[in-house]
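Please look over the sequence and the model shown here before reading on.

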Amino acid sequence: MGDLQFDGYITLNGSYCFAGKEEVIYKHCIPAKDISSLIHYQKESEAFPVILVQENGMYLNYKNDRVEEVLKLLNFPEPPVCPFDRMPVKEVFQIIAFFEEHQEERIMALLPDCESTRWSPLFTDVVPAGSSKRVGIDHMIAYFGISLEETLSFGDGGNDIQMLKHTGLSVAMGNAEEEVKQAAKYVTSSVDEDGVFYALKHLGVL
């Protein structure tokens, strides 16, 4: 991003949004009972790595090869490894859960107030029910007094589909799955082929 400054940020799949550098305009955390249910399941049934994302930090219960692969793939810093019983007790806005797709229905049934927004076979983002990038956009434009028709979104993953269908203009990256491309009004080249730049030129923004 270089030296670009942004007026606002929609983060954690829309569950944590802020203006400027620190003014929180919307946040929606996962209910504590769902977190407790997840921890109990891991202790009593099967364990799998999870990253609990909090307001000012994130914690990983344990690391395996799948976690290392994802962190390397995303060029993402490794969160502190901390067993559940030693993690700080704070609001959790997202769970990055490293369970497989065939486990999803069983595990998500334990989290009735959450939704899975999978965009990789290696893990899924678990967010509070009702949270999405679409919801985050609505809070952001209400704060800044922008109409929905003035919005433009870019996406390449399954967790972008709601957003792409919602904004005034929408662009799917060339590397996106077909379902994502179908949700957008325009498909550009891939992320690695300057897709954002070419889309902005095509749409007359640049």
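## The second largest pocket

The lining of the second largest pocket divides into ten nonpolar, two polar and two charged residues, where Ala, Val, Leu, Ile, Met, Phe, Trp, Tyr, Cys and Pro count as nonpolar, Asp, Glu, Lys and Arg as charged, and the others, Gly among them, as polar. This is a predicted model, in which local features need pLDDT of at least 70 and side-chain atom pairs count only at pLDDT 80 or more, while totals for chains, interfaces and linings use all residues. Residues are numbered from 1 along each chain as its sequence is written, and side-chain values use heavy atoms, with hydrogens and water left out.

The pocket has a volume of about 250 Å³, a volume being the space filled by probe spheres set on grid points that are joined across faces, edges and corners. Of its 14 lining residues, I35, P88, V89, K90 and V92 lie nearest the centre. Helix α1 (32-44) and strand β4 (50-54) each supply at least two residues of this lining, and α1 gives the most, with four. A pocket here is an open set of points on a 1 Å grid over the protein atoms alone, where a 1.4 Å probe fits and protein lies on both sides within 12 Å along at least five of seven lines; lining residues have an atom within 4 Å of a point. Helices (H or I, at least four residues) and strands (E, at least two) are DSSP runs, numbered from the N terminus.

Strands β2 (residues 16-19) and β3 (residues 23-27) run antiparallel and are joined by four bridges, with pairing taken to require at least two bridges found by DSSP. C17 has Y26 of β3 as its bridge partner. Three residues separate the two strands of this hairpin, and G20 in the turn has a positive phi of about 60°.

## F84 in its loop

F84 lies in the loop between α2 (65-74) and β6 (92-97), and is buried, with a relative accessible area of 15%; buried means under 20%, exposed over 50%, and partly exposed in between, with a 1.4 Å probe and protein chains only. Leaving aside residues up to four places away in sequence, F84 touches I39, Q42, V50, L52 and N61, a contact being heavy atoms within 4.5 Å.

## R118 in β7

R118, in strand β7 (residues 114-120), is buried as well, with a relative accessible area of 17%. Its side chain reaches the backbone oxygen of F99 at 3.0 Å. Beyond residues up to four places away in sequence, R118 touches F99, E100, E101, E104, F123, T124 and G158.

Methods
Polar contact = N/O pair within 3.5 Å; in protein donor to acceptor, adjacent residues only side chain to side chain.
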